[in-house]
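Visitor: I would like a close look at one part of this model, the strand pairings and the loops beside them. Please take me through it piece by piece.

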Amino acid sequence: MSKFSRLSLVGGVTAGSVLLLAGPAFAHVSVQPGEAPKGGYAVVNFKVPNERDDASTVKLEVTLPTDHPLASAMPQPVPGWKVSVTKSKLAKPIEMHGEKINEAPSKITWTADGKGVEPGQFQQFPVSVGQLPEDADELVFKALQTYDDKDVVRWIEPTKEGAEEPENPAPVLKLTAAEDDGHGGSGAKHAGAKSDAKMTTAAAETSASDTTARVLGVIGIVVGIAGVGFGVFAGRRRSA
């Protein structure tokens, strides 16, 4: 084997090793989109890729934050999966829309009733969450991914700012500045604008209808007068 061939082989093996080592870093459980406005509601997806080539993912457990509890977590049905929401009593009640809430969802569990997430595939689990806190910059959702060979991968490690990403990072939802008043104000304004537009259109249509009616009325009067005049004129000719 020539020196060039040996170098090419070594380079290929090295590159392959880098790809193999780098692969798992991109195959972790994550929450998407990665950010949502404070004080509102959002639909997020827990994306679960299968990083194994000899087993399927058959269970996902997502722990909801307790330091900033969510009053609501409503999972969307996913074909082939059963879902359950566990609620827990809060050490400190939270207030929402003038009411005190003493318990909140603390964990969501999806269990496959079929093949689950097979090798080379991924699955998304949508959840409507809210009301998002206004006094936090992020929410951390620790997750456990279970394979059909009983292996469990714990995606629970915190990601520290300025540090390298840990081997098994926990999914993180970044919280951005609230939109308008953070309670659907933008939607309310949009709805108000649409309502005003409808009222303006209705008024324009009414005005056009009134104008048309007036024009037709005038035409009718003119035609009536002309008819009367013609009758009188015809009568006079017959008399003559």
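Visitor: How many bridges join S9 to strand S12, and do the two run parallel or antiparallel?

Guide: Three bridges join S9 to S12 (residues 172–176), and the two run antiparallel. This is a predicted model, in which local features need pLDDT of at least 70, side-chain atom pairs count only at pLDDT 80 or more, and totals for chains, interfaces and linings use all residues. Residues are numbered from 1 along each chain as its sequence is written, and side-chain values use heavy atoms, with hydrogens and water left out.

Two terms come first. Strands are DSSP runs of E, at least two residues long, numbered from the N terminus. Two of them pair if DSSP finds at least two bridges between them.

Back to S9 and S12. Valine 140 has valine 172, in S12, as its bridge partner. Both strands belong to an open sheet of three, ordered S2-S12-S9, with mixed pairing. Its edges are S2 (35–37) and S9 (138–140), each pairing on one side only. From one strand to the next, the twist averages 25°; axes are lines fitted to C-alpha atoms, and angles run from 0 to 180 degrees between N-to-C directions.

One joins glutamine 32 and proline 33, with omega about -5°. Proline 33 sits in the loop between S1 (30–32) and S2. Another joins glycine 130 and glutamine 131, with omega about -10°. Glutamine 131 is in the loop between S8 (122–130) and S9.

Now move on to S10 (residues 142–147). S10 pairs with S4 (residues 57–63) through six bridges, running antiparallel. Threonine 63 stands opposite lysine 142 of S10. S10 also pairs with S11 (residues 152–155), again antiparallel, over four bridges. There, alanine 143 faces tryptophan 155 of S11 as its opposite residue. As background, strands of a sheet pair through backbone hydrogen bonds, either parallel or antiparallel.

S10 and S11 form a hairpin, with four residues between them. Lysine 150 lies in this loop. Its phi is near 75°, a positive value in a residue other than glycine. Lysine 150 is also exposed, at 70% relative accessible area; exposed means over 50%, buried under 20%, and partly exposed in between, with a 1.4 Å probe and protein chains only.
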